[in-house]
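Here is a short briefing on aromatic rings and the charges placed over them. Look through the structure first, then read on.

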Amino acid sequence: MSPQIGRYTASQPARTVDGWTLQRLTPPSRLFGANGLRTGPDGRIYVAQVSGSQITAIDVATGAIEAISPKGGDIVAPDDLVFDPAGNLYATEITEGRVSMRAPNGTTRVIAGDMPVANPITFHDGRLIAGECRVGGRIMQLDLNGGAPRVLLDNVPMPNAFDVGPDGKLYIPVMGTNEIWRVSLDGGAHEVVARDLGVPDSVKFDAEGQIVSTQVHSGQVLRIDPRTGDKTVLANLTPGLDNVTFVGRRTFVSNISGYIAEILEGGQTRDLVSDGFNWPLGLAVDTDGSIYVADGPFSYTLRSGQPRQQVGFLFTPGYPGYSRGVAAAGPGEFIVTTANGDVARYWPAKRENQVLASGFDQLYGVAVAPKGAVVFVEQGAGRVHSVQSGNVETLATDLKQPSGVTVSADGTCFVTESAGGRVVKLSGGRTVTVFNDLRQPQGILARGDSLYVVDAGLKELIEYNLSNGRRRTLAFDLPVGAPRGVTPKVLKAVGTLSGPMGPFAGIAAGADGTLYISADAEGSVLALKPA
């Protein structure tokens with residue numbers, strides 16, 4: 001496995017012990033999420049990446065990618081960005097609720113704080129304008145010297161990436177009303193420009209002065225006459241579209257999942273950056289052998305010899321929410337934990353979910369016990385719970401960042417302590433150390449007499465034999481966890497869409513003994529096969 005741009009910067013390829021082989025089921029992601037887009041002064045496309053927590057520049061001629069503000073840097077979870085005439089870059093940091101500026105020499109400073117769900121931003125005629133993508137959001141002109149902002153419009157239901165039109169007015173995609181509005185830069189009442197869209201989340205103006213707008217729910221790219229509101233479909237893509245920019249007369253759009261596509265004549269498209277995973281996180285194997293991948297705002301299935309299939313997204317009916325842990329519960333049925341603190345039963349094909357328990361702090365791993373109880377990890381509170389028939393029982397407390405959980409065939413529950421560096425067994429209300437000397441254990445799986453643990457700190461897959469206590473490493477230098485030398489910053493909640501977002505290297509097993517691993521550092525799924 002070669003070094004990757006972005007999260008994974010390993011100096012040597014992953015290795016396995018004799019008798020095991022390692023392969024990628026999906027190619028690595030070149031971008032970890034793709035949100036705001038803006039063409040820079042140098043003609044490159046600059047990409048704000050919330051889940052990747054970095055800003056990247058892409059050369060449209062060569063496809064070369066460069067991290068401008070890397071993961072672990074001063075700018076955290078950027079969602080949208082803009083340049084001023086001097087080449088200063090301004091970015092909204094959605095999880096931090098602030099706007100920061102990055103000068104051409106790389107220095108940064110905070111322009112404004114106290115902006116919950118800071119998202120849209122634009123610059124026009126010396127004015128820096130930013131907004132909050134939340135119900136009741138504000139749109140404000142910011143003082144470049146850090147003074148008090150001036151509110152242009154208040155109580156806007158989820159405004160997103162906006163732009164100033166040829167008429168000097170601000171055009172705003174309003175997700176909460178499924179409309180595009182415009183308002184004077186001096187403030188005042190808004191006008192509705194277009195209605196009945198596909199949940200617009202960006203507005204930019206092309207060379208002819210027409211609106212080009214991505215639709216996050218329908219996956220359409222629309223061209224809209226700002227005078228009449230008449231609509232033309234430029235392209236039909238997948239749900240999750242986020243933003244648009246122009247390089248000359250060429251049009252490029254982004255998708256939250258991490259791809260950048262160019263819109264061609266006749267509705268055709270061409271990938272500048274191919275689709276990928278944001279993380280991925282939890283894994284589960286269905287009864288038909290397909291692999292279910294929880295990828296935060298998206299969920300997918302992988303089947304042998306077939307392209308991956310998106311089976312859920314934040315805006316699709318019945319989706320349980322930003323998904324992290326997952327366990328198979330029957331044919332086409334899964335138990336998921338969400339960043340909003342819910343444990344839910346989910347049927348992707350039926351687009352239905354049933355909440356089993358809610359109100360928890362940072363849920364991660366989940367497992368189904370032999371008698372049907374659902375066991376899940378509440379990392380934020382350091383606890384492990386089970387739920388069955390609506391009754392929640394606390395199984396363990398005072399754990400150090402519990403992460404993964406698995407239940408053996410005899411009903412024994414094993415948990416990884418990410419900050420404690422150990423695996424524990426829950427027995428009779430007590431917590432017993434099974435083995436330690438780990439760095440950041442996350443995903444865990446019980447299979448036969450063995451436990452399999454993904455250690456994101458050691459970047460290893462470890463096998464532990466419960467019968468004789470033998471421990472061995474099956475794979476080294478795995479693309480999991482933060483890159484070496486990088487201390488990632490916690491991604492906080494995004495309004496009501498998601499609670500705190502954190503990594504999780506999950507593990508699952510197929511009927512033939514193949515182990516599947518979430519290679520969250522490079523955005524792929526790995527298969528580790530025994531001889």
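Which residue lies over the face of Tyr300? Arg308 does, at 4.0 Å from the ring centre. Keep in mind that this is a predicted model. A search of the whole structure finds twelve aromatic pairs.

**Tyr171 and Phe205**
- Tyr171 belongs to strand E16 (residues 170-174) and Phe205 to strand E19 (residues 204-205), so the pair ties together parts that are 34 residues apart in sequence.
- Tyr171 is buried, at 2% relative accessible area.
- Phe205 is buried too, with a relative accessibility of 12%.

**Tyr364 and Phe504**
- The ring centres of Tyr364 and Phe504 are 6.1 Å apart and the planes stand at 65°, so this pair is edge-to-face.
- Tyr364 sits in strand E35 (residues 363-368), while Phe504 sits in the loop between strand E46 (471-476) and strand E47 (507-509).
- The pair therefore ties together parts that are 140 residues apart in sequence.
- Tyr364 counts as buried, at 5% relative accessibility.
- Phe504 counts as buried, also at 5% relative accessibility.
- Arg324 lies over the face of Tyr364, at 4.0 Å from the ring centre.

- One aromatic cluster is formed by Phe277, Phe298, Tyr300, Phe313 and Phe315.
- Tyr300, a member of this cluster, is the ring that has Arg308 over its face.

Note on methods: Residues are numbered from 1 along each chain as its sequence is written. This is a predicted model: local features need pLDDT of at least 70, side-chain atom pairs count only at pLDDT 80 or more; totals for chains, interfaces and linings use all residues. Side-chain values use heavy atoms; hydrogens and water are left out. Rings of Phe, Tyr and Trp (its six-membered ring) pair if their centres lie within 6.5 Å; planes under 30 degrees apart count as stacked, over 60 as edge-to-face and the rest as tilted. Helices (H or I, at least four residues) and strands (E, at least two) are DSSP runs, numbered from the N terminus. Buried means under 20% relative accessible area, exposed over 50%, partly exposed in between (1.4 Å probe, protein chains only). A charge sits over a ring if NZ of Lys or CZ of Arg is within 6 Å of the ring centre and within 35 degrees of the ring normal.
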